[in-house]
Amino acid sequence: MTTLMTPGSPVNRVYFPETGALAELILMADGSAVEVGLVGWEGMVGWPAVFGSQVSQTWVLCQTSGQFLEMPATALAEAADRSSELHRRLHRHAAAVIGQRAISAACDRHHDVVARCARHLLAARDLGDNDELTLTHEFLALRLGVQRPTVTVALSELERLGAVTHRRGHVTVVSRVNLEEIACECYWAIRREVGRHLDWLPTSVQSWFSDAGRRT
Ligand SMILES: [Zn+2]
């Protein structure tokens with residue numbers, strides 16, 4: 001895993017995943033870490049720099065191979081100053097991230113680890129192009145804020161329920177339908193939250209987001 005930003009480091013560049021995903025984590029004083037965001041084609045990393053934040057709050061990791069566009073943060077800020085539409089979109093994107101993180105915070109408090117694991121696996125699947133997910137237990141533990149043995153228990157339960165199979169470093173989605181049945185409502189709530197803010201996306205993509213409205 002490649003580190004792109006560390007907490008407290010200057011945000012000199014912003015990143016736009018085209019394929020693959022970037023993970024944002026918060027580091028705790030005891031050295032542990034919890035993932036607070038997984039950014040794919042729908043988003044970007046480093047956006048607070050456009051609004052004047054000089055340093056990164058999060059540890060940003062390139063979790064999977066993929067194609068990422070990048071540019072200097074100052075260039076994006078200057079472009080936003082020249083374009084009211086770009087400025088509007090950056091604000092909408094920020095609102096989507098804030099909404100997503102609010103739902104995730106509630107989810108972490110109220111939903112069990114199997115349902116949350118299913119939610120995260122669906123989100124990871126949405127950012128890729130096949131059912132084979134390269135995900136270590138260590139990374140899923142960061143994502144879920146639990147110890148690795150708990151991840152093993154959760155994945156074994158998902159396998160027993162016919163949703164996935166797993167082996168070292170890989171999770172295969174064998175039934176998306178089953179995974180959707182097991183995942184908590186937050187998967188659908190986050191999809192809708194992101195979709196309602198990113199109003200410039202093509203109609204086909206918008207319909208995918210709004211389709212989540214049926215699953216409440
Ligand atoms: Zn949840």
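Which charged end sits over the ring of Trp-208? Select Arg-191: its charged end lies over that ring, 3.7 Å from the centre. (A charge sits over a ring if NZ of Lys or CZ of Arg is within 6 Å of the ring centre and within 35 degrees of the ring normal.)

This is a predicted model, where local features need pLDDT of at least 70, side-chain atom pairs count only at pLDDT 80 or more, and totals for chains, interfaces and linings use all residues. Residues are numbered from 1 along each chain as its sequence is written, and side-chain values use heavy atoms, leaving out hydrogens and water.

Phe-209 is buried at 4% relative accessibility, whereas Trp-208 is partly exposed at 31%. (Buried means under 20% relative accessible area, exposed over 50%, partly exposed in between, with a 1.4 Å probe and protein chains only.)

**Sheet**

Now show the strands (DSSP runs of E, at least two residues; helices are H or I, at least four; both numbered from the N terminus). Four of them form an open antiparallel sheet in the order E1-E5-E3-E4. (Strands pair if DSSP finds at least two bridges between them.) Select Thr-3: its bridge partner in E5 is Leu-61.
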